Amino acid sequence: MTDTILQMLQWAIPSGGIGAAIAWIANRKVNAAKENKSIHDTYKLMYEDVSKELLITQKKVDDNTQRVEALNQENSKTRRALNRLSRAIEAIQLCPYRDNCPVNGELSLSLDSSDDTKEPAGAKKRQHRRQPDHDKAVDDARRESRHGTADTAP
């Protein structure tokens, strides 16, 4: 029996059957490790790329957020100015001098750009009746403010 075992060993060793089996097992483990390492490296590169893209996107979002905040502040300022202007325009109706007010005339100009002459929108040309006492008082006040004294001549 030992003879047969020895013959088998002599037959297997010189031909490399056992060595090939041992090499195949070792190579299988090395190949599995290489494959796992390549998969791990692929995922690592993929995660790094995703991380870089997320950082770039976050910077863009931060920039856009700052721009939106600036625009919101500007919008708020514009809204406050518009509200103030609206209140001023509404207050014109309470002004005792609204018939002769140059601001009221400017606000009522038409926006028709084809006509070079600006006329009040929808308003007819009309003659304003002035009250003589009122006009004299206004004229006297203007003279007084210019010269420092009022003319008392009739």
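**Figure 1. Overview of the predicted chain.** Read along its sequence, the protein chain follows the pattern α-α-α-α, with 4 helices and 0 strands, where helices (H or I, at least four residues) and strands (E, at least two) are DSSP runs numbered from the N terminus. This is a predicted model, in which local features need pLDDT of at least 70 and side-chain atom pairs count only at pLDDT 80 or more, while totals for chains, interfaces and linings use all residues. Residues are numbered from 1 along each chain as its sequence is written, and side-chain values use heavy atoms, with hydrogens and water left out. Of the 154 residues of the protein chain, 3% count as buried; buried means under 20% relative accessible area, exposed over 50%, and partly exposed in between (1.4 Å probe, protein chains only). The accessible surface of the protein chain comes to about 14700 Å², of which 56% belongs to carbon and sulfur atoms, as given by the Shrake-Rupley method with a 1.4 Å probe, where for residues only the protein chains shown count as cover.

**Figure 2. Confidence along the chain.** The protein chain averages a pLDDT of 76, and 63% of the residues score at least 70, pLDDT being the predictor's confidence in each residue, from 0 to 100. Confidence is highest in H2, at a mean of 91, and lowest in helix H4 (residues 132–147), at 61. Over residues 120–132 the pLDDT is below 50, and this stretch has 8 contacts in the model beyond near neighbours in sequence, a contact meaning heavy atoms within 4.5 Å. The pLDDT is also below 50 over residues 149–154, a stretch with 5 such contacts. Where pLDDT is low, the predicted coordinates should not be read in detail.

Figure 3. A search of the whole structure finds 1 salt bridge, defined as a side-chain nitrogen of Lys or Arg within 4 Å of a carboxyl oxygen of Asp or Glu. Asp-41 is partly exposed, with a relative accessible area of 31%, whereas Lys-37, at 52%, counts as exposed.

**Figure 4. A nonpolar surface patch that includes Tyr-47.** Ile-39, Tyr-43, Met-46, Tyr-47, Val-50 and Leu-54 make a nonpolar surface patch of about 620 Å²; patches are made of residues with over 30% relative accessible area and no salt bridge, like charges being joined within 9 Å and nonpolar side chains (Val, Leu, Ile, Met, Phe, Trp, Tyr) within 5 Å. Tyr-47 is found in helix H2 and is exposed, with a relative accessible area of 58%.

Figure 5. Asn-104 counts as partly exposed, at 25% relative accessibility. Leaving aside its neighbours within four places in sequence, Asn-104 is in contact with Ile-92 and Arg-98.
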